[in-house]
Amino acid sequence: MPNITTRSFSQHAFNTLNQYGLPSVLARIYAARGIEQPQQLETELSQLLPFEQLNNVSRMAALLADAIAGQKRLLIVADYDSDGATACAVAIRALRKFGAIVDYLVPNRFEYGYGLTPEIVHLAATSPAGQPDILITVDNGIASVEGVQEANQLGMQVFITDHHLPADQLPAAAVIVNPNQPGCNFPSKHLAGVGVIFYVMLALRAELRKRGAFIAAGKEPNLASLLDLVALGTVADVVRLDSNNRILVQQGLQRIRKGRACAGINALLQVAKRDCRQVSTYELGFIIGPRLNAAGRLDDMTLGIECLITDDESRASQLAAQLDELNRQRREIEADMQSDALSKLATVVETQESATGSCYSLCLYDSSWHQGVIGLLASRIKEKFHRPVITFAPGNEGEIKGSGRSIPSFHLRDALDLVSKRYPGLILKFGGHAAAAGLTVHEQNFERFRDAFEQITQALLTPADLTRVIETDGELDEAELNLDLAYCLADSVWGQGFPEPSFNAHFYVESQRVVGEKHLKLRLKKFDSHCSYDAILFFQAELLPPMINAVFRVQANEYNGNTTLQLLLEHWFPIDPMTI
């Protein structure tokens with residue numbers, strides 16, 4: 001059973017925030033997330049870190065301004081996930097506002113794989129529109145040593161914008177903007193790919209302003225109009241929401257809530273039957289993001305990018321409908337794969353334990369699995385078993401591609417790096433972050449990799465690391481548990497590294513019934529209290545015991561024109577009456 005713990009916080013930070021005027025419950029919540037001064041909660045654009053602090057950004061801006069003046073042909077090379085799609089849309093929209101000749105290319109993950117590969121370079125060079133002068137990567141490129149070399153040989157310059165961790169060797173690009181490259185002192189190392197290209201566009205506008213490019217027009221392009229895309233990509237890529245990212249996301253959410261999002265985001269919300277006025281980070285990460293990602297997972301992310309760059313509402317609606325259908329297919333494929341994986345998991349665990357003596361990690365491969373969905377499958381299994389998980393599907397001939405997800409105490413990309421150094425040649429290529437990574441191995445080496453990865457995992461983890469810890473913000477008293485709190489929390493930005501507040505309490509289950517055939521609608525009464533609350537537990541039709549220890553979030557529930565407080569149960573555990 002997981003351990004439930006209450007987040008600790010600095011008493012000094014709590015006092016500072018409370019004295020500033022924040023209610024005790026909010027002061028406690030923010031202090032537990034590292035907020036020490038009220039200024040850290042400000043989300044005005046004026047509080048954004050200046051682009052000048054991003055290494056090479058002014059140089060890239062100058063080169064882009066030269067290219068625009070010289071009417072050079074630019075080609076954006078994008079990644080095939082939500083971050084890559086939104087980054088591509090930001091680049092296309094901004095550069096066209098600046099008068100650039102620009103188009104885009106996004107690799108089909110099943111034909112070309114990830115990043116600026118030599119094959120993608122050749123595809124770009126043989127474009128019917130002619131060979132581009134400059135390739136601009138978004139959300140990729142920092143590991144594309146061979147691809148950049150090929151582009152240089154063919155006479156194309158490469159400008160890299162990326163946020164992934166670099167390897168020992170950097171590509172020989174004309175210029176690289178990446179907050180995580182050596183020598184870059186940009187304070188926010190957690191910019192998503194879309195955040196990086198947005199900063200490049202800010203720098204480019206400043207450079208064009210300096211050159212007098214906007215005098216004839218009488219006004220400058222408003223780059224704040226792109227913040228809905230920046231917010232979507234930042235949340236969907238699950239990067240850490242530090243103070244700078246929270247500003248970007250909050251500003252983007254405000255545009256969406258005011259009905260000022262691009263046609264594509266509005267269409268994706270409509271097809272999902274969501275009200276733009278009530279959009280939160282949840283809708284970005286779990287409603288819009290998956291529909292956008294479905295294009296890259298099952299088909300071609302061109303579909304998603306076109307949805308984000310069109311201003312034609314009718315076309316956006318058509319594309320959103322196609323993305324919605326792809327997402328439905330993705331859910332069906334994922335459900336089948338998950339059922340298949342869980343059915344064979346006992347055998348997998350037994351095999352790994354017999355080979356290594358324990359099971360600190362899970363590596364699974366099936367020749368029938370879909371390459372575009374293995375990342376989601378790994379995430380689901382990781383959540384269920386709290387182990388680093390890598391799932392594999394067939395790739396190119398003789399190869400299999402893996403997608404991994406990790407637990408907080410295990411840096412997945414560094415672990416793969418260790419495997420590659422201890423077992424040279426075992427991993428053909430890899431890359432990623434602490435929490436998620438991808439790799440390619442020969443199919444015949446799957447078992448060998450599985451055992452090697454398990455050995456590394458055992459060396460880096462302890463048994464305690466494999467016990468899931470559920471952190472909450474403690475208990476709420478009757479005065480704190482109200483609609484005002486629900487409204488306040490719904491209006492804030494929460495996500496990776498800045499988790500949405502949850503609370504825990506002991507409840508009597510006064511009533512419960514199944515709604516929609518798969519959810520529980522409940523009435524809960526707190527121990528030692530006269531107060532009862534409406535609650536919902538999604539995706540469970542089995543009735544709960546009479547007494548539970550519950551972890552929950554608070555939300556405002558609108559139904560038939562009425563708004564009431566509702567507890568959204570995230571976890572529950574039975575309480576033995578004999579222990580009371």
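In what follows, Lys and Arg count as positive and Asp and Glu as negative, while His and the chain ends are not counted. The place of a charge is NZ of Lys, CZ of Arg, CG of Asp or CD of Glu. On that basis, the protein chain carries 52 positive and 66 negative charges, whose mean positions are 4 Å apart.

Colleagues, this is a predicted model, in which local features need pLDDT of at least 70 and side-chain atom pairs pLDDT 80 or more, whereas totals for chains, interfaces and linings use all residues. Residues are numbered from 1 along each chain as its sequence is written, and side-chain values use heavy atoms, with hydrogens and water left out.

I turn to overall dimensions. The C-alpha trace spans about 80 × 65 × 50 Å along its principal axes. The radius of gyration, taken over C-alpha atoms, is 25 Å, which agrees with the value near 25 Å for a compact globule of 580 residues; the globule rule is 2.2 Å times the number of residues to the power 0.38.

Of these 580 residues, 54% are buried, meaning under 20% relative accessible area with a 1.4 Å probe, protein chains only. Among contacts (heavy atoms within 4.5 Å) with a separation of 6 or more, 65% join residues 24 or more positions apart.

Finally, one residue. Where does Thr391 lie? It belongs to strand E8, residues 389-394, strands being DSSP runs of at least two E residues, numbered from the N terminus. Thr391 counts as buried because its relative accessibility is 0%. A polar atom of its side chain lies 2.6 Å from the backbone oxygen of Ile374. Beyond neighbours within four places in sequence, Thr391 has contacts including Trp369, Ile374 and Lys401.

Terms used
Buried means under 20% relative accessible area, exposed over 50%, partly exposed in between (1.4 Å probe, protein chains only). Helices (H or I, at least four residues) and strands (E, at least two) are DSSP runs, numbered from the N terminus. A polar contact is a pair of N or O atoms within 3.5 Å; within protein, one must be able to donate a hydrogen and the other to accept it, and residues adjacent in sequence count only if both atoms are side-chain atoms.
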